[in-house]
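Open the model in a viewer and keep the selection panel at hand. The stops below say what to select next and what is there.

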Amino acid sequence: MAPPVVLIHGFATSTERTWREPGWFDLLKDARRRAIGIDLLGHGDAPKPTDPEAYDDLVTPVLEKFPNAPADVIGYSLGAHTALGIAMSHPERVNRLVLAAIGRNVVDFGDSTPLEGNVVEGNVEARFEALIAAPGNDPAALRACLTRERRPFTVEQLGTVQAPCLIVVGSEDFSGPPEPLADALPDAAVKILPGIDHFGLPKQFGFIDAALEFIDAVPQWD
């Protein structure tokens with residue numbers, strides 16, 4: 001039996017908006033795969049604390065809803081960062097890993113290598129503010145999540161990931177380029193979608209097709 005597929009959304013969105021509305025669940029059903037969407041703490045149907053320290057550990061609440069069997073995991077943005085944390089701390093839970101809309105921005109190279117090209121510009125900050133204010137969101141909880149202590153992964157930490165990885169990033173995404181992350185992972189491929197930014201990625205057919213092919217979940221229609 002094929003492994004279940006865990007879908008983890010990004011900041012200030014939800015399973016419903018990132019995965020169900022664009023059709024990911026329908027496609028996985030057509031591929032005869034069990035899809036499990038998990039809302040991050042502070043998002044969707046998950047609890048919404050307003051203390052930033054509550055968000056220091058996003059991995060544990062996700063693991064509490066994880067299937068018992070090893071899963072293929074698809075994470076977008078903050079969800080991809082969380083999925084990486086799971087792959088490092090609990091490698092036995094992850095079969096294959098698709099990381100979307102992250103790249104150089106989640107890699108800590110130490111003081112000798114600056115994180116150039118990862119400054120969040122004003123228009124990007126405005127897009128995040130609009131997401132925070134979207135209907136159904138809890139702005140206080142999301143701002144607490146946003147102000148948590150952020151810890152990029154070291155090259156040494158990333159080198160412990162055992163699952164094969166696919167990194168999908170738009171060419172206009174502030175989180176890129178993806179190669180520094182791919183180079184730090186033992187087994188990683190890269191897919192760059194021309195002209196796509198950070199926020200539009202989940203709805204792109206190029207992302208959907210690449211992710212489903214990577215986890216061997218392409219629908220077979222009669």
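This is a predicted model: local features need pLDDT of at least 70, side-chain atom pairs count only at pLDDT 80 or more; totals for chains, interfaces and linings use all residues.

Start with helix α9 (205–214) and select Phe-207, Ile-208, Ala-210, Ala-211 and Leu-212, which are buried. Buried means under 20% relative accessible area, exposed over 50%, and partly exposed in between, with a 1.4 Å probe and protein chains only. Helices (H or I, at least four residues) and strands (E, at least two) are DSSP runs, numbered from the N terminus. Now show what covers these α9 residues: the cover includes α1, α2 (24–30), β3, β4, β7 (165–170) and β8.

Residues are numbered from 1 along each chain as its sequence is written, and side-chain values use heavy atoms, with hydrogens and water left out.

Next, select helix α1 (residues 15–20) and, within it, Thr-18. Thr-18 counts as buried because its relative accessibility is 4%. Its side chain makes a polar contact of 2.9 Å with the side chain of Thr-13. A polar contact is a pair of N or O atoms within 3.5 Å; within protein, one must be able to donate a hydrogen and the other to accept it, and residues adjacent in sequence count only if both atoms are side-chain atoms. Beyond the neighbours within four places in sequence, Thr-18 is in contact (heavy atoms within 4.5 Å) with His-9, Gly-10, Thr-13, Trp-24, Tyr-76 and Pro-202.

From that list, go to His-9, in the loop between β1 (5–8) and α1. Is His-9 buried or exposed? At 0% relative accessibility, His-9 is buried. A polar atom of the His-9 side chain lies 2.9 Å from the backbone nitrogen of Leu-40. With neighbours within four places in sequence set aside, the contacts of His-9 include Ser-14, Trp-19, Asp-39, His-43 and Gly-79.

Return to α1 for a charged pair. The side chains of Arg-20 and Glu-16 meet in a salt bridge at 3.3 Å, N to O; a salt bridge is a side-chain nitrogen of Lys or Arg within 4 Å of a carboxyl oxygen of Asp or Glu. Both residues belong to α1 and are four residues apart, about one turn of the helix. An α-helix has 3.6 residues a turn, so residues three or four places apart point the same way. Arg-20 is partly exposed at 40% relative accessible area, and Glu-16 is partly exposed at 41%. Arg-20 also lies over the face of Phe-25, 4.0 Å from the ring centre. A charge sits over a ring if NZ of Lys or CZ of Arg is within 6 Å of the ring centre and within 35 degrees of the ring normal.

How many salt bridges does the structure hold? There are six. Select Arg-96 and Asp-72, whose side chains form one at 3.0 Å, N to O. This pair links distant parts of the chain, with Arg-96 in strand β4 (residues 94–100) and Asp-72 in strand β3 (residues 71–76), 24 residues apart. Asp-72 is buried, at 0% relative accessible area.

Then select Asp-197 and Arg-127, joined by a salt bridge of 3.6 Å, N to O. Asp-197 is in the loop between β8 (188–193) and α9, and Arg-127 is in helix α5 (residues 122–132), so the pair ties together parts 70 residues apart in sequence.

Move to helix α6 (residues 139–146), where Ala-141, Leu-142, Ala-144 and Cys-145 are buried. They lie on the same side of α6 because they cover an arc of only 155° around the axis, the arc being that of the directions from the helix axis to the C-beta atoms. At the N-terminal end, Asp-138 caps α6, with a side-chain oxygen 3.2 Å from the backbone nitrogen of Ala-140.

Finish with the backbone. Gly-176 and Pro-177 are joined by a cis peptide bond, with omega about 5°. Pro-177 sits in the loop between β7 and α8 (179–184). Arg-32, in the loop between α2 and β2 (35–38), has a positive phi of about 60°.
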